[in-house]
Amino acid sequence: MAFELPALPYAYDALEPYYDRETLEIHHGKHHQTYTTKFNEAVQAAGIEGKSVLEILTSLDSIPADKRNPVINHGGGYYNHTFFWESMSPEGGQPSGDLLAALEAEFGSVEAFKEAFSNKAIAHFGSGWAWLVQTAEGKLAITDTHDQVCPVSLGQVPLLTVDVWEHAYYLKYRNVRPEWVKAFWNVVNWNKVAERFAAAKG
Ligand code: MN
């Protein structure tokens, strides 16, 4: 079965005023829809129908070289956006429990983590994403990826992400990416991050 655009887990205006309805409508309804459509085309061209998106993104080497880039670009776009929507919630919140302890152990404090993550997101050159991941060695780390590269293809488990493509923030925040990154913290779904962290620890 072909991949389908997943429904947002909240209404288009649910993240106002931090993430505005118009941006979210276009970002989900147009950008994510286009990645979904083109991912299906790329999957068909590569002859890898029937695999899950995670199976595809973790076995890119098995795809013929001349068919691989569209799968990376659109498969990553499909997966990363779904992951990003689920990284946000109108409820917001704060990290707690095991996740809080791990963030404090690795970064010193939640505030220090937020500052380092924000700096990575703000400094990322061009289109891409900033991530909190669990590395292959089992450590928490802040990374960035270009275009639609997904951490799962790098052997990492993603826990949190922010989209810093201009399409993610330009309508409301114009060229001021730091304002978007600052606003993002108000709508981080910490329960979801904690759930991912617990699953990654196994
Ligand atoms: Mn995007």
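## The nonpolar core

In this predicted model, the largest nonpolar core brings together 59 residues. Met-88, Phe-117, Trp-180 and Phe-184 have the most contacts inside this core. Helix H3, spanning residues 65-86, supplies the largest share, with 7 residues. Both domain 1 (21-86) and domain 2 (97-201) take part, each giving the core at least three residues.

As general background, nonpolar side chains in soluble globular proteins tend to be buried together.

## Around Trp-180

Which residues does Trp-180 touch once its neighbours within four places in sequence are left aside? Its contacts are Tyr-18, Tyr-19, Phe-84, Met-88, Val-162, Asp-163, Tyr-169 and Tyr-173.

## The three-stranded sheet

Now to the strands. An open sheet is built from 3 strands in the order S2-S1-S3, with antiparallel pairing. Strand S2 (140-146) and strand S3 (157-163) form the edges, each pairing on one side only. On average, neighbouring strands of the sheet are turned by 25 degrees against each other, direction ignored.

Strand S1 (residues 128-134) runs antiparallel to S3, and 6 bridges join the two. Here Ala-130 of the sheet stands opposite Val-162 in S3, and Val-162 is also one of the residues in contact with Trp-180.

## Helix against sheet

Where does H3 meet the sheet? H3 packs on the sheet by touching S1 and S3. The direction of H3 makes about 85 degrees with that of S3.

Definitions and conventions: Residues are numbered from 1 along each chain as its sequence is written. This is a predicted model: local features need pLDDT of at least 70, side-chain atom pairs count only at pLDDT 80 or more; totals for chains, interfaces and linings use all residues. Side-chain values use heavy atoms; hydrogens and water are left out. A nonpolar core is a set of buried Ala, Val, Leu, Ile, Met, Phe, Trp, Tyr and Cys residues joined through side-chain atoms within 4.5 Å. Buried means under 20% relative accessible area, exposed over 50%, partly exposed in between (1.4 Å probe, protein chains only). Helices (H or I, at least four residues) and strands (E, at least two) are DSSP runs, numbered from the N terminus. Domain bounds come from an automatic or database domain assignment. Contact means heavy atoms within 4.5 Å. Two strands pair if DSSP finds at least two bridges between them. Axes are lines fitted to C-alpha atoms, for helices over the stretch in contact, and angles run from 0 to 180 degrees between N-to-C directions.
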